[in-house]
Amino acid sequence: MPPIRRYLRITQYSVLECRIYLDNPADAHRWLLNERSPVLPRVIQAVRPLVLPKLREENAKAKTGKGGKRKGWKDVVVE
């Protein structure tokens, strides 16, 4: 199933691609992109203030860490 792709501008020159994976792609138009009460703008609004500090934190860790392979991690936002 292909993800829903949206783009989030985090600075004047930086845009971050956001991918949203759904178990059932039919749900996208039922609640995520619903015309009357869309959830997607609220999700983007909740994530937007957390992105830039997170990128700065990852860059700081990458600079102080040794040259080995980095292990990724996931963050969960609950509202």
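Which side chain meets that of Arg19 in a salt bridge? The side chain of Glu17 does, with an N to O distance of 3.4 Å. The legends below describe close-up views of a predicted model.

**View 1. Salt bridges joining Arg5, Glu17 and Arg19 in one network.** Glu17 pairs with Arg19 at 3.4 Å, N to O, and also with Arg5, where the closest N and O atoms are 2.9 Å apart. The pair of Glu17 and Arg5 links distant parts of the chain. Glu17 has a relative accessible area of 32% and is partly exposed. Arg5, at 39%, is partly exposed, and Arg19 is partly exposed at 46%.

View 2. A search of the whole structure gives three salt bridges.

**View 3. The largest pocket, with a volume of about 540 Å³.** Its lining consists of 13 residues. Leu16, Val47, Val51, Lys54 and Asp75 lie nearest the pocket centre. The elements giving two or more residues to the lining are β2 (15-20) and α2 (40-64). Helix α2 supplies the largest share, six residues. By residue class, the lining of the largest pocket has eight nonpolar, no polar and five charged residues.

How values were computed
Residues are numbered from 1 along each chain as its sequence is written. This is a predicted model: local features need pLDDT of at least 70, side-chain atom pairs count only at pLDDT 80 or more; totals for chains, interfaces and linings use all residues. Side-chain values use heavy atoms; hydrogens and water are left out. On a 1 Å grid over the protein atoms alone, a cavity is a set of points where a 1.4 Å probe fits but cannot get out, and a pocket is an open set with protein on both sides within 12 Å along at least five of seven lines; lining residues have an atom within 4 Å of a point. Grid points are joined across faces, edges and corners, and a volume is the space filled by probe spheres set on the points. Helices (H or I, at least four residues) and strands (E, at least two) are DSSP runs, numbered from the N terminus. Ala, Val, Leu, Ile, Met, Phe, Trp, Tyr, Cys and Pro count as nonpolar, Asp, Glu, Lys and Arg as charged, and the others, Gly among them, as polar. A salt bridge is a side-chain nitrogen of Lys or Arg within 4 Å of a carboxyl oxygen of Asp or Glu. Buried means under 20% relative accessible area, exposed over 50%, partly exposed in between (1.4 Å probe, protein chains only).
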